[in-house]
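Please look at the sequence and the model first.

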Amino acid sequence: MKKDSTFKPAWWLNNRHLQTMAAKVIRVKQTIETITETVELPDGDFIDIAWTEVPNEAPDKPIVMVLHGLEGSINSHYAKGMMNAIKAKGWIGMLMHFRGCSGRPNRQAHSYHSGDTWDVHYCTELLKQRYPNHQKAILGFSLGGNVLSQFLAQDNSAPFACAAVICAPLHLESCSARINQGFSKVYQKYLVDMLKDSTEEKIDLQLMTHIDKPELKKIKTLEEFDQKITSVINGFESAEDYYQKASGIYVLDQIKHPTLIIHALDDPFLCHDAIEALELNNQNIHFEISKTGGHVGFIGGSNPFKPHFWLETRVLDFIQQHFDTSS
């Protein structure tokens, strides 16, 4: 089900780039107190989880699992904002860092990517085993949103009351092309530089031998990075093969959980043609499309000194509708 979003942008943030960049500036001093847990994985690697509190000490509080975006972390402005909003609701926030995103490199060449759901499956099983009586929901930003769409299509029995996919590159090939156009190249350079820094660490640790630093430095676009790095270390034939197999848009009809998808048509990170042409036959999907909002922006309100971060309100309201409030 697709429908128009209720989001109204702040009058003082009236274009895609202001919406995209403002939250990071506005919330530069924002903090979040978390407890870090390192989870050892069966393949010998690890991931770090950030908790707003220990669930064992709060048996009645729902748990909301958060997946960050490309090269994001608990320190990303949108992650801190959402985790603080979850805590303010009286719930427990749990942010799963993708491999290598918690401030230290992972132990293997294998990396996270837009279609890699293995670690999400593993953490979900941990939640089921450790906290069977806690109500649970899950949400993902950007790349994490695409990963979440793949995960939900794969596991219809996952113990989540509902899910939310926020500003996700659901059609990877067109999004990779879009971010290589116009002013969006600025965002691309920012992302590619972070990816190259992470890859350089793996080269130094001799975890990656198929490419050297001089060749790595020549990479300028996301498509080049996915062709020379992502696809190679994760078992894809090419960037095109990766985009085809990992894009969430092809599996939306398989999702059985109530799922809110939020998309802005002015998002400078994404291509919108595939979204506008999408025909959804899945009543579990609540696909809300806004004309404005930028990438993980969606800042409203009439007072510049008191901006309203609409995403947090909309997503958590949706989750609350699907929690059993009588429990």
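## Salt bridges in the predicted model

Both D119 and R99 are buried, meaning under 20% relative accessible area, where over 50% is exposed and in between is partly exposed (1.4 Å probe, protein chains only). Their side chains meet in a salt bridge, that is, a side-chain nitrogen of Lys or Arg within 4 Å of a carboxyl oxygen of Asp or Glu. The pair links distant parts of the chain, 20 residues apart. D119 lies in helix α3, and R99 in the loop between β5 (92–96) and α3. Helices (H or I, at least four residues) and strands (E, at least two) are DSSP runs, numbered from the N terminus.

This is a predicted model: local features need pLDDT of at least 70, side-chain atom pairs count only at pLDDT 80 or more, and totals for chains, interfaces and linings use all residues. Residues are numbered from 1 along each chain as its sequence is written, and side-chain values use heavy atoms, with hydrogens and water left out.

A search of the whole structure finds 15 salt bridges. Three of them are listed here.

| Salt bridge | N to O distance |
|---|---|
| R130 and E37 | 2.5 Å |
| D119 and R99 | 2.8 Å |
| K189 and D193 | 2.7 Å |

R130 and E37 form a salt bridge. R130 belongs to helix α3 (residues 118–130) and E37 to strand β2 (residues 35–40), so this pair ties together parts 93 residues apart in sequence. R130 is partly exposed, at 37% relative accessibility.

K189 and D193 sit four residues apart in helix α6 (residues 184–204), so about one helical turn separates them. K189 is exposed, with a relative accessible area of 51%. D193 is partly exposed, at 27%. Elsewhere, salt bridges that share partners join D43, D45, R99 and D119 into one network.
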